[in-house]
Structures are given as structure tokens and as C-alpha cells.
Protein chains: 2
Amino acid sequence: MDRDQTEKDDEASGQGRPTLKTLAFMTGLGVTTVSRALKDAPEIGAETRRRVQLVAKQIGYRPNRAGVRLRTGKTNVISLVLNTEREIMSFVSDIIYGVSEVIADTPYHLIVTPYSRSQDPLDPIRYLVETGSADGVIISRTQPNDPRARYMLERGIPFATHGRTDMGLIHPYHDFDNYAFATEAVRHLAGIGRRRLALLAPPVELTYHSHTLNGFTDALSEVGASEIPFNTVSVDHSIEQIRMRTAQLMRRDVRPDGFVSSAAAATLAIVAGIEDAGLKLGRDVDVVSKQSSDLLHLFRRELLVVNENFRLAGAELARSVLGWIGGATPGSLQSLSKPTGVLAYRPPD
Amino acid sequence: MDRDQTEKDDEASGQGRPTLKTLAFMTGLGVTTVSRALKDAPEIGAETRRRVQLVAKQIGYRPNRAGVRLRTGKTNVISLVLNTEREIMSFVSDIIYGVSEVIADTPYHLIVTPYSRSQDPLDPIRYLVETGSADGVIISRTQPNDPRARYMLERGIPFATHGRTDMGLIHPYHDFDNYAFATEAVRHLAGIGRRRLALLAPPVELTYHSHTLNGFTDALSEVGASEIPFNTVSVDHSIEQIRMRTAQLMRRDVRPDGFVSSAAAATLAIVAGIEDAGLKLGRDVDVVSKQSSDLLHLFRRELLVVNENFRLAGAELARSVLGWIGGATPGSLQSLSKPTGVLAYRPPD
DNA sequence: GTGACAATCTGTAACGTTTCAGTATATAGG
DNA sequence: CCTATATACTGAAACGTTACAGATTGTCAC
């Protein structure tokens, strides 16, 4: 009956990962005190605080995530939700790096939550919310009336969207100014004498479709050019389809002498289609394209390009989510990035 | 003094997420029994087991990850460790999707652990291992003598490498057969009359550098062609540098009439460099390139390409790690993928 | 010397899970 | 009828953390 209290402390100096108990043992303090000292609670003596923090640093103490998560519900996780087949390749890579960059010196981890073909985009969101798997969520492929944003807004879970919604609801977002992109593209094409323009737009269901389209048509009437409809394909279509449709279009009597393309890979297809029809880029037709990495000018010197920085988008989105988690007001966490360093430039003939 | 026992059960039917306690309350069983019934433990009656599992399914019970992790140490997390600036773009995206595909119907989550410029590649690994943040790890940019693999092998944490090591240690890996790629490339070039070949190799420190180089030189002597050294740059160099060096090389007296390139983006730069020097692809020189998405043939019809499937690599790597976690022997979890559907084909003049 | 009060520190309980060491109940063996 | 033994279930403890409700000092006013 007398051996029960000496063994109670469980060899707190053991070789496993240090815990609060280890620290308590080493400093001679209680676990509670150590816990509070580490988070600068006010009722801990200044010297004690310093002492605890010193020891903690020395032995490389790191709070156990599972312990914190179980006790507080805080996961220290940001989830990036991605569509497995429709997402642009460079987007995935750059946005991940952008997010990483921002959360690097925070306790946050980035988890990637994919959803695949034919699955309801709401599924992964429901999963995350129901299982409380993340403190914050980043979604892309945002729609004007986005059920995911609505859902998360209702449950009060912090999130940020890549692209805006149009539901009269306020939430953090980061968006590229596709309206500005389209207008600048059209103006530039008009400036070099192009009059009949076609737009390879984003898929209709996404918000930036209308942004792009509005910019395109507004600028068209501003410069007095006309539109050659090209809405049987979007940037979501396969390379082959876009190529084929472009070739078809270019063989018509009234064919475009200028293209505006919302994605780099699609632009490759457009150019291929143009050349399939026996026409020449820069002579018969000019193409302005968005790109996210500086490669299109290697493809064809004649291409006119505008840069969209996905890495920046990732960083901005991460900042927004963290801001919301940190208590900032959602309305203050919205940002729009202007077409940067418009590289559209035509080499002299 | 009498109100203390009735409230003890904590309103287990409450509206929060269902827990084992909720299930225990609903079935009238003990928490322990429910826990064991859910995992098909032998000492639970057949009917009880079915009943519990039915109720669990009905109310959508999902084990709390933090609870499991705290109790058992199992994180149900696979970590993909990536270099933030050197990783190939399409690699990141495809490998993530490949991994996702495999872990989709497992309880595993994918977390991305980045490391950046000038940081010791061992840092993120140490972090993961020390904090016990993952049950399994996937690394890329594998070196012949890879400290990361050694480290994880020592600590007994399951991992898989993209690319092989050469340390006499056995561990799961997935690799593309770059030796075969290089030999096939050289043979093909020789077949169309090319005699002086240059190789744009992977960075020397990575294992697949020597695989590629060996395949290249072995095939060179086999076909009796000669090498034009081009080792001042690797696929890790910037587009601009590769372009410039290529142009320099092509202006020399003895210049290559064939290139083998280990990466698609680098190939763009090589072609640009060739054209900078006033030469023509397909006439003065041919280029064989690896690619991971089917875009290079759009860039220049004359390009000869071999496909490497990163999505497959991701899936294979995930399977390996899960296999190791599941108790399989590391030696049985190695795979090598052959150059698939070698598209190297020369359009007739 | 007593009471009040601030300043510091501490034990206990709880988050949800699994494991350990049982406790009942029934069945069979002698 | 009593003891073994298998079957089916259960409570308590523990993983590491934080919140709550004290507990122990010392200081100061009166």
C-alpha cells in the first residue's frame, strides 16, 4: 500500500518526446503552470515564464497536435480543396507553394482534399466540416451562386475562395481581374488592327466566365470591333477539342483575326488549330493569352501574353483564411490582383 | 448532494458529432464494447456487432481523429515532401492526384510538407519524424546516397522514394526507367541519321542523373555515335540559362545534330536556343524529350517525345507507403515504370 | 493580529479513443 | 453441487492538452 505514490510521476524525464509533464518535472512546476507560461498568460511570474520558455526551447518541446486538437478542437490545419481533373496544372503547384510560403512559420499544416469526376463538389466540404478536419478551407472553381461558400458561411467555418461569388454574401476571396485582362487584350488586338475577335472563355458555370466575357464585350464595343462567337468550347475542354473547333472556325468565311484565350494550355491548342487551317499566327491572326508561367513566348514568339500569378493567389488566399481564423472581419480579407506586367507586345514585322 | 449521478452521462444523445459515448448510449452498451464491435473484435457477440455497426452507419459515426491519434499514435496521415522551387510543375499536380486516388477510400489524409531554398532537405523529414506528424512519407529528388532515406530507415518510419537510392539499403521506391528512356532516345536519333548527340541531363546530385547518363553513353557506343558535352546546364537550370547555353553550343563548329532532354520545360528552352542560333528543328537537329503531359507535339511538330506518367508514379508511391505501413516487406514495394508508348516518331519530310 | 486582496501557482476533469484487467453469466466437467 | 472455462460485456486508466476552481503565499490596512 505504500508504493503507489512514488511511481506516480511516471519517469517524466524519459526519452520519448518531451511533453508538458516533462517540462513540469524539469522545472519543478505544475503542468498547468507550464502550459500557461508557454502561452504568456498574465498570471505567471515574469521569471517563471522566462525559465519555462528557456527550458522548452532547450529540449525542443513542441506541443502535441493531437492533444491540443482533442482538447480545444483546433486542428491547425488548412485544407485546400481541389478538383482532380479540371484544375489547371500550374495552378495546383503554384497555389500550394503560395499557401506553404504563408503558413511556413505558423503551426498550420496544409492538407489537400481532392474530389473527383462527377462527384458533388459539396461532398469534400461536408466531410471537412462534419469531421472538423480543418480550421480553414480554400476552394477554387468558384461559382456565382456557390453552394460550398453558402454552406461554410452557414456553419461559420472560415474559408476563402479563389474567384468571387455573386450571392450578396460577404466572404474572403482572392481573384484575378479577368475583366481587366479581357479589356486589355481586346484593346491591344484592336490597336494592332484586329477587328473580328473570338474569345476562348472559362467554363460558363464559373464566376470568372462572366467577368471575362463582360470585359471582352465591353471592350469590343469601346473599340468598335466585332465578336466571332466561339462558345462551343471553353478552357475546360480537351486540347484536341479546342484544336479541332479552332480549325473549323478558321476555315469559315468570316473567321476571327484575333483570339483572347483564358488559359495557356488552351492557347497551344488554339495555335495548333490555326495552323491546321493553314493560317499563320502574327500574320493572319493574333492571339492574346493568359499564362501563369513564362513559357508561351517560347512556344510562338508572336503570342501576346498577360501574366496571372497563382503563387501570389495562394499566398493571398492563405493570408485571408488565417486572417479570418484570427478574428478579422471577412469583408476586409478580399483582394483582387490586376493583370501584372502586361507582356502583350508585338514584335515588329 | 443528490444531483451528481443523474447528470453524469452528459446528455450523450446531444446534437454534437456522435462519439463512442453516443453510440454506447443509443445501443445501451458500454463504450468499450462499442469500440470493439466496430473493429470486428472476436469477443463480441455476432448480433451485438451487427447492431452496433448498423447504428453507427445510420447516425454517420466517424471516429475522432484526434482521439485515435492521441491514444494510439496513429495519425492516418501521409506526407508528401516537396521542394518549393525545384520541383517540376506538372509533377506536383499529377503526383498529388495519383496519391489522392489511392488514399481516397482509406482513412488517410494527404499533407504537403514543403521545404524551400537553401534549406537542408533533411529538415522537413526531421520535423515529421520528431513530431510524429505522419504514418508515412513520400520524398522526391532522391539521391544515390540519400540522408533522408537513411534517416527514416534508422527510425523505422515507412516511406517511399520517387527515384532509387544506391546505398545498399532496401526501401520502397517508384522510379521511371530513365536508362531505357535515354537508350531509346539515342537509338531513335541514330536511326534518323543523327551522329553527334548532346544530353540535357538531370542535376548531378540526383540518382536519375547517372541512370540517364549511363543509358545515353551506353547507347552512344552501341550505335557508334559521339557525345557533344553539354553539362554546364541541367534540367534544374532556368529556362533562360538553358536557352543561352544551347544557342552558344549550336554556334560552335562541332555542334550537336541531336538532343536528348530530360524535361519538357527544358526542351522548350533548347528549341528556343536552337532557333536563336539560326538553325531549324527537324532539319539541322532533332530533339527527343521526356514529357509528362501531351503538349510538346503542339509546340513543335518535329519534337520526338517519350511519356512519363507522374500520376501513375504518385499512385504507385502511395501504394508502396501504405503497403509498408500495412506490414508488407519493403523489398516487395519497389516498382519501375518503362517508358510508355514511346511517341518518338518523325513526320516524313 | 486579523481580514482582505492580489500575485502565483496547482490539482482535477475533460476532450474521444483504446487497452488492461476485470465482472457477470452461462455451459460443461467432475 | 461445486469448480473450471469460455463467452460477452464493462469500468478505469491513459495518451497530452487546456479550463475551471481552488490553494498557498505575502502584503497591507486597520
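**Exercise 1. Determine the volume of the second largest pocket, and state which residues and elements line it.**

Step 1. The second largest pocket of this predicted model has a volume of about 1500 Å³. A pocket is here an open set of points, on a 1 Å grid over the protein atoms alone, where a 1.4 Å probe fits and protein lies on both sides within 12 Å along at least five of seven lines; grid points are joined across faces, edges and corners, and the volume is the space filled by probe spheres set on them.

Step 2. The lining comprises 48 residues, of which R62(A), R65(A), T106(A), P107(A) and Y127(B) are the closest to the centre of the pocket; a lining residue has an atom within 4 Å of a point.

Step 3. Two or more lining residues come from each of α2, α3 (46-59), α4, α5 (89-103) and β2 (109-115) of chain A, and from each of β2 (109-115) and α6 (122-130) of chain B. Helices (H or I, at least four residues) and strands (E, at least two) are DSSP runs numbered from the N terminus. The element that gives the most is α4(A), with six residues.

Step 4. By class, the lining divides into 21 nonpolar, 15 polar and twelve charged residues, where Ala, Val, Leu, Ile, Met, Phe, Trp, Tyr, Cys and Pro count as nonpolar, Asp, Glu, Lys and Arg as charged, and the others, Gly among them, as polar.

Conventions. Residues are numbered from 1 along each chain as its sequence is written, while chains are lettered from A and ligands numbered from 1 in the order in which they are written. Since the model is predicted, local features need pLDDT of at least 70 and side-chain atom pairs count only at pLDDT 80 or more, whereas totals for chains, interfaces and linings use all residues, and side-chain values use heavy atoms, with hydrogens and water left out.

**Exercise 2. Describe the protein surface near DNA strand D, and identify polar contacts to its bases and phosphates.**

Step 1. Around DNA strand D there are 25 residues, and K39(A), Y61(A), R71(A), G30(B) and T33(B) come nearest; a residue is near a strand if one of its heavy atoms lies within 4 Å of it. Of the atoms of DNA strand D that come within 4 Å of the protein, 60% belong to sugar and phosphate.

Step 2. At least two residues of this surface come from each of α2 (31-38) and α4 (65-72) of chain A and α2 (31-38) and α4 (65-72) of chain B, with α4(A) giving the most, four residues.

Step 3. Polar contacts are pairs of N or O atoms within 3.5 Å (within protein, one must be able to donate a hydrogen and the other to accept it, and residues adjacent in sequence count only if both atoms are side-chain atoms). A side-chain N or O atom of S35(A) lies 2.7 Å from a phosphate oxygen of DNA strand D, while one in the side chain of T32(A) lies 3.2 Å from a base nitrogen. A polar backbone atom of R71(B) is 3.3 Å from a base oxygen of DNA strand D.

**Exercise 3. Which residues come nearest to DNA strand C, and which contacts reach it?**

Step 1. The largest share of the surface near DNA strand C, four residues, comes from α4(B).

Step 2. An N or O atom in the side chain of T48(A) is 2.7 Å from a phosphate oxygen of DNA strand C. For the bases, a side-chain N or O atom of T32(B) lies 3.4 Å from a base oxygen, and a backbone N or O atom of G67(B) lies 3.3 Å from a base nitrogen.
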